[in-house]
Amino acid sequence: MQLGRIGVWYFTDAMSAQHAATAAKRIEDLGYAALWIPETVGRDPFAHAAWLLANTTRLVLATGIANIYHREPGVTLQAQMTLAEQSGDRFLLGLGVSHKPLVEGVRGLTYGKPVATMRTYLERMAEARYAGPRPDTTPRTVLAALGPHMLALARDAGDGAHPYFSSPAHTRLARQILGPDKWLCVEQKVVMTPDANTARKVARTVAKTYQALPNYRNNWLRMGLTEEDIAGDGSDAFIDATFAWGDASAVRDRIAEHFDAGASHVCIQPIQPGGSIGTPDWNALEALAP
């Protein structure tokens with residue numbers, strides 16, 4: 001797999017299947033290397049990846065992330081092998097432990113210790129039987145990793161890490177733990193407007209969804225932010241550390257910071273500066289296209 005340097009991370013659940021396919025093709029035509037799609041309570045990411053792969057020719061489809069609690073390891077291996085073989089190695093598996101409120105509160109499952117649970121899951125994937133046609137090369141797997149122990153597991157048992165909602169400071173820490181050769185695929189939220197008030201207002205609306213989740217809070221503290229920064233609406237320091245905003249030049253500078261800190265791939269999440277949801281900010285994607 002030739003995973004380029006710049007990709008796009010975006011929810012497509014608000015789009016029809018045809019709209020999502022059209023968007024994926026447009027992202028491909030703009031020169032982006034990959035489209036990362038998440039999993040919460042919407043579409044199955046593997047079935048949707050198959051649809052988007054069938055409607056593109058070069059774009060890598062990556063799960064950012066597929067929740068390990070939603071399917072047993074052998075089923076995940078089947079999906080990974082099938083999609084990689086059918087697409088000519090354009091499928092990248094991103095796996096994560098998700099969050100306790102989703103796993104227990106929504107799914108009614110038991111949330112285990114994150115690193116130990118992920119390690120066991122990967123071991124069982126490696127042991128699972130797969131008798132279907134295999135892709136020409138071994139499919140890649142990256143882990144949603146923020147803390148040092150999960151990053152170490154991504155180094156030792158995967159092909160790299162996919163940190164979400166972090167900063168260049170975290171990218172630097174992640175690279176130190178991963179070593180020089182593993183993939184470091186960093187998500188970066190983008191609000192492309194030079195107006196600070198508008199950018200931070202939109203960013204705070206997006207951040208609300210994540211601020212109560214311990215996995216993110218712990219990582220923001222690890223990045224040097226304080227409880228006061230994270231609390232309530234979030235301080236300007238919190239917003240500015242985790243969101244890239246400004247004109248295209250300013251956003252490119254933030255992307256460059258990630259690369260300078262050791263990222264191998266940055267997937268931008270283009271948030272509409274007007275606050276609307278459901279479609280990416282195409283103006284930003286066109287301005288930032290590789």
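Student: By class, what does the lining of the largest cavity have?
Tutor: Four nonpolar, two polar and two charged residues line the largest cavity. Here Ala, Val, Leu, Ile, Met, Phe, Trp, Tyr, Cys and Pro count as nonpolar, Asp, Glu, Lys and Arg as charged, and the others, Gly among them, as polar. Before we go on: this is a predicted model, where local features need pLDDT of at least 70 and side-chain atom pairs count only at pLDDT 80 or more, while totals for chains, interfaces and linings use all residues. Residues are numbered from 1 along each chain as its sequence is written, and side-chain values use heavy atoms, with hydrogens and water left out.

Student: OK, which residues line the largest cavity?
Tutor: Phe11, Thr12, Asp13, Ile37, Pro38, Arg43, Pro45 and His48. Its volume is about 50 Å³, taken as the space filled by probe spheres set on grid points that are joined across faces, edges and corners.

Student: And how many cavities of 30 Å³ or more are there?
Tutor: Two. On a 1 Å grid over the protein atoms alone, a cavity is a set of points where a 1.4 Å probe fits but cannot get out, whereas a pocket is an open set with protein on both sides within 12 Å along at least five of seven lines; lining residues have an atom within 4 Å of a point. The second largest cavity comes to about 40 Å³.

Student: What lines the second largest cavity?
Tutor: Tyr10, Thr12, Met15, Ala23, Ile27, Leu35 and Pro280. By class that's six nonpolar, one polar and no charged residues.

Student: Which strands are joined to S2?
Tutor: S1 (residues 6-9) is joined to S2 by two bridges, and S3 (residues 60-63) by four; S2 runs parallel to S1 and to S3. Two strands pair if DSSP finds at least two bridges between them. Trp9 stands opposite Trp36, and Leu35 has Leu61 as its bridge partner.

Student: What do S2, helix H2 and S3 make?
Tutor: A right-handed β-α-β unit, with H2 at residues 45-54. S1, helix H1 (residues 17-29) and S2 make one too. Right-handed says that, with the strands pointing away from the viewer, the path from the first strand over the helix to the second runs clockwise.

Student: Switching to pockets: how much space lies in the largest one?
Tutor: About 1,300 Å³. Of the 49 residues lining the largest pocket, Phe11, His99, Tyr164, Tyr210 and Tyr216 are the closest to its centre. By class, the lining has 26 nonpolar, 18 polar and five charged residues.

Student: Is Tyr216 buried or exposed?
Tutor: Tyr216 counts as buried because its relative accessibility is 10%. Tyr216 lies in helix H9.

Student: What does Tyr216 touch?
Tutor: His99, Leu146, Tyr164, Phe165 and Tyr210, leaving out residues up to four places away in sequence. Contact means heavy atoms within 4.5 Å. Phe165 is 51 residues from Tyr216 in sequence, yet the C-alpha atoms are 7.5 Å apart.

Methods. Buried means under 20% relative accessible area, exposed over 50%, partly exposed in between (1.4 Å probe, protein chains only).
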